[in-house]
Amino acid sequence: MKKQYTWAEDLIDWFLVNQREMPWRTDPQPYKVWISEIMLQQTQVVTVIPYFDRFIDRFPDVQTLAEADQSDVLKYWEGLGYYSRARNLHKAAQSVLEFFNGVLPADYDRLQTIQGIGPYIAAAIGSIAFGIKVPVVDGNVFRVVTRYYGIFEDISKPKTRDIIFKELEPVIKKCNASHFNQGLMELGALVCSPTSPDCKLCPLNKSCFAYMNNKISELPVKAKKKAVPQMNVAIAIVEKDGKILIAKRRQNQMLGGLWEFPGGKQEAGESLEETVVRELREETGMTVEIIKRLTDVRHVFSHFKLTITPFICSHVKGIAKAITSDDVKWIKISDFDKYPFPTVNKKIIKEYLKKI
Ligand code: SF4
């Protein structure tokens, strides 16, 4: 007799044979699953693995992470981007130490009381580390499930997540929750890709709506995004007595706690040269003179595109003050490595070091 949830069993059988090796899979302790899930937000598995290994070596448990300096945590996050994740993770570790005695709770709702843990991460930690039977719904799962069931709802709307969650809830109740959730995510990553899913190799092809009805290119449904705005920024690498000025971004800013070269947004009708001189005056109270313009550096963030024009400048007058930052420092060029910088500033450092 045909069993009711055969597709889930087919999925799990496929997962157990085809899953990629990942350090948090080999040893799925709650803390490791948590760190991996925070790192995997917006970042690919292959990129995350070396960061994860280094991070776990340095901060092997909640207590070590909670008691570390924020700048040390940011240093180990440097290059992964989306630094608010690291700052929130650090604060969250402190609250886990304070309120849960350093142990993540084996409870879907209580996990969500921890900063940075929403329904998705709570479901991932819950199912993978504790076997709690609650479905994960991430981008990969949206794609597989809307195709499999033929759900034509816009996946950017919150109610679509609820529809998928309700669809999966009775299914996961009858399975190994860890294998089921990871199987769906892995199938989305390896087989059911956005543009060219390998349906012939898919364990769900016998009953997949999109495959059987030739609707793959129509699913998932997603409303088009608005155009991403472009921003031009000029920054100064100010040289004085063999040292360079850097500023620490404010905690409540994007990339807060990281160090950068001072500078800012170009205003209407202003040349980039005028921008950099004005920004230095406003941000540090110093007057600088431009020595040389370096090659532009471009970077794409989730909500805007940035073109940064770096200028090597000399100090003319004024003592550097932290007017719009948390701190300013004159550092030796050989000390760049000691401070956590956003990726875009690291690109600028590379450009600068080529020119001197
Ligand atoms: S059969 Fe194709 S479209 Fe359906 S879940 Fe599998 S890979 Fe995705």
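**Cores, cysteines and a hairpin**

Hi everyone, let me start with a cysteine: Cys 313 is buried, at 0% relative accessibility, where buried means under 20% relative accessible area with a 1.4 Å probe, protein chains only. Cys 208 is buried too, at 11% relative accessible area. The structure has zero disulfides, a disulfide being a pair of cysteine sulfur atoms within 2.5 Å.

A word on the source: this is a predicted model, where local features need pLDDT of at least 70, side-chain atom pairs count only at pLDDT 80 or more, and totals for chains, interfaces and linings use all residues. Residues are numbered from 1 along each chain as its sequence is written, and side-chain values use heavy atoms, with hydrogens and water left out.

Now the cores. A nonpolar core is a set of buried Ala, Val, Leu, Ile, Met, Phe, Trp, Tyr and Cys residues joined through side-chain atoms within 4.5 Å. The largest has 101 residues, and Trp 34, Phe 55 and Phe 180 touch the most other members. Domain 1 (6-218) and domain 2 (230-355) both contribute residues, so this core lies between them; the bounds come from an automatic or database domain assignment. Beyond four places in sequence, Phe 55 has contacts (heavy atoms within 4.5 Å) that include Tyr 31, Trp 77 and Leu 89.

Finally, the strands, which are DSSP E runs of at least two residues, numbered from the N terminus. On β6 (residues 297-300), Val 297 and His 299 form the covered face, while Arg 298 and Val 300 form the uncovered one. A hairpin of four residues links β6 to β7, and His 299 sits opposite Leu 306 in β7.

Conventions:
Buried means under 20% relative accessible area, exposed over 50%, partly exposed in between (1.4 Å probe, protein chains only). Two strands pair if DSSP finds at least two bridges between them.
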